[in-house]
Amino acid sequence: YLFILYMEPLLRWLKVGGRGYQFNCLRDAAEQTQHQMADCTYADDLNILTTSISDLTIQADKLTKYADWARLKVNMDKSSATAALHCSNHDKPYDYTIVSKRITRRLHVQGTQVQVHAPKEAFRHLGIYITMDLQWRAQYQHMLQLVTKKLASLKRSWLSPKQKMRVLNTSVRPMIRYTFPVAPYTQQQIKTLDSLMT
(Lines give C-alpha, C1' and ligand atoms only; values in the text may rest on other atoms or scores of the structure.)
Protein backbone atom coordinates (compact mmCIF):
# COMPACT_ATOMS: atom_id res chain seq x y z
CA TYR A 1 0.00 0.00 0.00
CA LEU A 2 2.79 2.45 0.86
CA PHE A 3 4.52 1.76 -2.45
CA ILE A 4 1.33 2.72 -4.32
CA LEU A 5 1.21 6.02 -2.41
CA TYR A 6 4.89 6.51 -3.20
CA MET A 7 4.23 6.03 -6.94
CA GLU A 8 1.11 8.21 -7.15
CA PRO A 9 2.98 11.50 -7.84
CA LEU A 10 4.79 9.87 -10.78
CA LEU A 11 1.54 8.53 -12.23
CA ARG A 12 -0.03 12.00 -11.99
CA TRP A 13 3.07 13.61 -13.54
CA LEU A 14 2.92 11.20 -16.49
CA LYS A 15 -0.56 12.56 -17.29
CA VAL A 16 0.69 16.17 -17.35
CA GLY A 17 1.29 17.54 -20.84
CA GLY A 18 -1.12 15.20 -22.62
CA ARG A 19 1.68 12.82 -23.65
CA GLY A 20 -0.18 9.60 -22.84
CA TYR A 21 -1.67 7.33 -25.48
CA GLN A 22 -4.55 9.13 -27.16
CA PHE A 23 -7.40 7.18 -28.69
CA ASN A 24 -7.96 8.13 -32.33
CA CYS A 25 -11.59 7.02 -32.11
CA LEU A 26 -12.19 10.27 -30.21
CA ARG A 27 -12.38 13.05 -32.78
CA ASP A 28 -12.07 16.08 -30.52
CA ALA A 29 -8.48 16.92 -29.45
CA ALA A 30 -9.65 18.08 -26.01
CA GLU A 31 -11.46 14.78 -25.51
CA GLN A 32 -8.38 12.83 -26.60
CA THR A 33 -6.28 14.66 -24.02
CA GLN A 34 -8.90 14.26 -21.30
CA HIS A 35 -9.18 10.50 -21.87
CA GLN A 36 -5.49 9.82 -22.56
CA MET A 37 -3.92 6.71 -21.07
CA ALA A 38 -0.50 7.68 -19.77
CA ASP A 39 0.19 4.44 -17.92
CA CYS A 40 -1.09 0.96 -17.35
CA THR A 41 0.08 0.31 -13.81
CA TYR A 42 -0.69 -2.40 -11.31
CA ALA A 43 1.17 -2.48 -7.98
CA ASP A 44 4.86 -2.13 -8.91
CA ASP A 45 4.37 -3.02 -12.59
CA LEU A 46 4.60 0.30 -14.48
CA ASN A 47 3.85 0.55 -18.21
CA ILE A 48 4.15 3.93 -19.88
CA LEU A 49 1.95 4.44 -22.94
CA THR A 50 2.33 7.21 -25.52
CA THR A 51 1.21 8.03 -29.04
CA SER A 52 4.68 8.98 -30.34
CA ILE A 53 8.30 8.12 -29.73
CA SER A 54 9.10 11.76 -28.94
CA ASP A 55 6.46 11.66 -26.18
CA LEU A 56 7.89 8.34 -24.96
CA THR A 57 11.32 9.98 -24.65
CA ILE A 58 9.84 12.78 -22.53
CA GLN A 59 7.93 10.29 -20.34
CA ALA A 60 11.10 8.22 -19.87
CA ASP A 61 12.87 11.41 -18.75
CA LYS A 62 10.09 12.01 -16.20
CA LEU A 63 10.52 8.44 -14.95
CA THR A 64 14.28 8.99 -14.59
CA LYS A 65 13.86 12.28 -12.73
CA TYR A 66 11.23 10.86 -10.39
CA ALA A 67 13.18 7.65 -9.72
CA ASP A 68 16.35 9.63 -8.97
CA TRP A 69 14.46 12.05 -6.68
CA ALA A 70 12.67 9.18 -4.90
CA ARG A 71 15.87 7.11 -4.70
CA LEU A 72 14.33 4.26 -6.70
CA LYS A 73 16.30 1.99 -9.00
CA VAL A 74 14.46 1.03 -12.18
CA ASN A 75 15.02 -2.65 -13.01
CA MET A 76 16.38 -2.33 -16.54
CA ASP A 77 16.47 -6.12 -16.98
CA LYS A 78 12.67 -6.05 -16.91
CA SER A 79 12.34 -2.81 -18.88
CA SER A 80 11.79 -2.63 -22.62
CA ALA A 81 10.11 -0.50 -25.25
CA THR A 82 8.14 -1.46 -28.33
CA ALA A 83 5.79 0.24 -30.77
CA ALA A 84 3.17 -0.20 -33.44
CA LEU A 85 3.75 2.61 -35.93
CA HIS A 86 0.25 2.85 -37.42
CA CYS A 87 0.31 6.63 -37.93
CA SER A 88 3.84 7.10 -39.23
CA ASN A 89 4.46 3.83 -41.07
CA HIS A 90 1.15 2.58 -42.50
CA ASP A 91 2.58 -0.15 -44.71
CA LYS A 92 4.74 -1.82 -42.06
CA PRO A 93 3.61 -0.73 -38.60
CA TYR A 94 5.23 -3.77 -36.92
CA ASP A 95 8.58 -3.68 -38.74
CA TYR A 96 11.22 -4.36 -36.07
CA THR A 97 14.02 -2.66 -38.03
CA ILE A 98 12.09 0.62 -38.26
CA VAL A 99 10.84 0.44 -34.65
CA SER A 100 14.34 -0.33 -33.37
CA LYS A 101 15.95 2.46 -35.41
CA ARG A 102 13.46 5.03 -34.08
CA ILE A 103 13.73 4.00 -30.43
CA THR A 104 17.36 2.91 -30.01
CA ARG A 105 19.76 5.64 -28.86
CA ARG A 106 16.82 7.97 -28.07
CA LEU A 107 15.37 6.18 -25.08
CA HIS A 108 17.25 6.04 -21.78
CA VAL A 109 16.16 5.55 -18.19
CA GLN A 110 18.58 6.45 -15.41
CA GLY A 111 21.43 6.64 -17.94
CA THR A 112 20.81 3.15 -19.36
CA GLN A 113 19.58 2.54 -22.89
CA VAL A 114 16.20 0.81 -22.90
CA GLN A 115 16.16 -2.48 -24.80
CA VAL A 116 13.84 -2.57 -27.82
CA HIS A 117 11.32 -5.37 -28.06
CA ALA A 118 10.14 -6.61 -31.48
CA PRO A 119 6.45 -5.63 -31.97
CA LYS A 120 5.41 -9.12 -33.04
CA GLU A 121 7.31 -10.81 -30.22
CA ALA A 122 5.20 -11.58 -27.16
CA PHE A 123 5.92 -9.84 -23.88
CA ARG A 124 4.39 -10.62 -20.52
CA HIS A 125 2.15 -8.09 -18.82
CA LEU A 126 0.42 -9.10 -15.58
CA GLY A 127 0.75 -12.77 -16.49
CA ILE A 128 -0.64 -12.46 -20.03
CA TYR A 129 1.47 -12.67 -23.19
CA ILE A 130 0.70 -9.77 -25.54
CA THR A 131 2.02 -8.69 -28.94
CA MET A 132 1.60 -5.27 -30.52
CA ASP A 133 -0.28 -6.81 -33.44
CA LEU A 134 -2.65 -8.50 -30.95
CA GLN A 135 -1.94 -12.04 -32.04
CA TRP A 136 -2.71 -14.41 -29.17
CA ARG A 137 -0.89 -17.59 -30.25
CA ALA A 138 1.88 -17.07 -27.68
CA GLN A 139 -0.66 -16.64 -24.87
CA TYR A 140 -2.55 -19.76 -25.89
CA GLN A 141 0.63 -21.83 -26.24
CA HIS A 142 1.84 -20.63 -22.83
CA MET A 143 -1.50 -21.47 -21.24
CA LEU A 144 -1.61 -24.88 -22.91
CA GLN A 145 1.88 -25.74 -21.64
CA LEU A 146 1.17 -24.42 -18.17
CA VAL A 147 -2.12 -26.32 -17.81
CA THR A 148 -0.55 -29.53 -19.18
CA LYS A 149 2.35 -29.24 -16.73
CA LYS A 150 0.11 -28.50 -13.73
CA LEU A 151 -2.27 -31.34 -14.58
CA ALA A 152 0.61 -33.80 -15.01
CA SER A 153 1.91 -32.82 -11.57
CA LEU A 154 -1.57 -33.13 -10.11
CA LYS A 155 -2.05 -36.56 -11.67
CA ARG A 156 1.24 -37.83 -10.16
CA SER A 157 0.50 -36.39 -6.73
CA TRP A 158 -0.59 -38.44 -3.70
CA LEU A 159 -3.70 -36.33 -3.20
CA SER A 160 -7.08 -38.02 -2.91
CA PRO A 161 -9.53 -37.62 -5.85
CA LYS A 162 -11.52 -35.10 -3.80
CA GLN A 163 -8.39 -33.05 -3.09
CA LYS A 164 -7.37 -33.18 -6.75
CA MET A 165 -10.78 -31.83 -7.77
CA ARG A 166 -10.40 -29.05 -5.25
CA VAL A 167 -6.99 -28.08 -6.68
CA LEU A 168 -8.44 -28.22 -10.19
CA ASN A 169 -11.36 -25.95 -9.25
CA THR A 170 -9.43 -23.49 -7.07
CA SER A 171 -6.14 -23.28 -8.95
CA VAL A 172 -6.12 -24.54 -12.53
CA ARG A 173 -9.52 -23.35 -13.79
CA PRO A 174 -9.18 -19.85 -12.24
CA MET A 175 -5.73 -19.55 -13.86
CA ILE A 176 -7.35 -20.08 -17.26
CA ARG A 177 -10.35 -17.84 -16.51
CA TYR A 178 -8.02 -15.01 -15.44
CA THR A 179 -6.98 -14.55 -19.09
CA PHE A 180 -10.51 -14.58 -20.58
CA PRO A 181 -11.20 -10.82 -20.41
CA VAL A 182 -8.15 -10.13 -22.58
CA ALA A 183 -7.18 -13.20 -24.62
CA PRO A 184 -9.79 -14.04 -27.28
CA TYR A 185 -9.38 -17.81 -27.40
CA THR A 186 -11.24 -19.60 -30.19
CA GLN A 187 -13.95 -22.10 -29.33
CA GLN A 188 -11.60 -24.90 -30.37
CA GLN A 189 -8.84 -23.61 -28.08
CA ILE A 190 -11.29 -23.46 -25.16
CA LYS A 191 -12.46 -27.01 -25.94
CA THR A 192 -8.84 -28.18 -26.01
CA LEU A 193 -8.10 -26.59 -22.62
CA ASP A 194 -11.32 -27.99 -21.20
CA SER A 195 -10.59 -31.48 -22.53
CA LEU A 196 -7.31 -31.53 -20.61
CA MET A 197 -9.26 -31.18 -17.36
CA THR A 198 -11.91 -33.84 -17.99
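## Aromatic rings and a helix pair

Tyr140, Phe180 and Tyr185 are joined into a cluster by ring pairs. Keep in mind that this is a predicted model.

**Aromatic pairs**

- In total, the structure holds 4 aromatic pairs.
- In one of them, the rings of Tyr21 and Phe23 have centres 5.2 Å apart and planes at 85°, and since planes over 60 degrees apart count as edge-to-face, this pair is edge-to-face.
- Tyr21 is partly exposed, with a relative accessible area of 33%, and Phe23 is partly exposed too, at 30%.
- Another pair is formed by Tyr140 and Tyr185: the ring centres are 6.1 Å apart and the planes stand at 65°, so this pair is also edge-to-face.
- Tyr140 sits in helix 5, while Tyr185 lies in the loop between helix 6 and helix 7 (187-196), so the pair links distant parts of the chain, 45 residues apart.
- Are these two tyrosines, Tyr140 and Tyr185, buried or exposed? Both are buried.

**Helix 5 and helix 6**

- Two packed helices are described by the angle between their axes and the distance between the axes.
- Helix 5 covers residues 137-156 and helix 6 covers residues 161-178; they pack at an angle of about 170°, with axes 11 Å apart.
- Angles over 145 degrees count as roughly antiparallel, so helix 5 and helix 6 are roughly antiparallel to each other.
- On the helix 5 side, the contact includes Met143, Leu146 and Val147, and on the helix 6 side it includes Lys164, Val167 and Leu168.
- The residues of this contact divide into 10 nonpolar, no polar and 3 charged.

How values were computed:
Residues numbered from 1 in each chain as written. Predicted model: local features only at pLDDT ≥ 70, side-chain atom pairs only at ≥ 80, totals over all residues. Heavy atoms only, no water. Axes fitted to C-alpha atoms, helices over the stretch in contact; angles between N-to-C directions. Helix = DSSP H or I, 4+ residues; strand = E, 2+ residues; numbered from the N terminus. Parallel < 35°, antiparallel > 145°, perpendicular 65-115°, else oblique. Contact = heavy atoms within 4.5 Å. Nonpolar A, V, L, I, M, F, W, Y, C, P; charged D, E, K, R; others polar. Phe/Tyr/Trp six-rings, centres within 6.5 Å; stacked < 30°, edge-to-face > 60°. Buried < 20%, exposed > 50% of the residue type's maximum accessible area, 1.4 Å probe, protein only.
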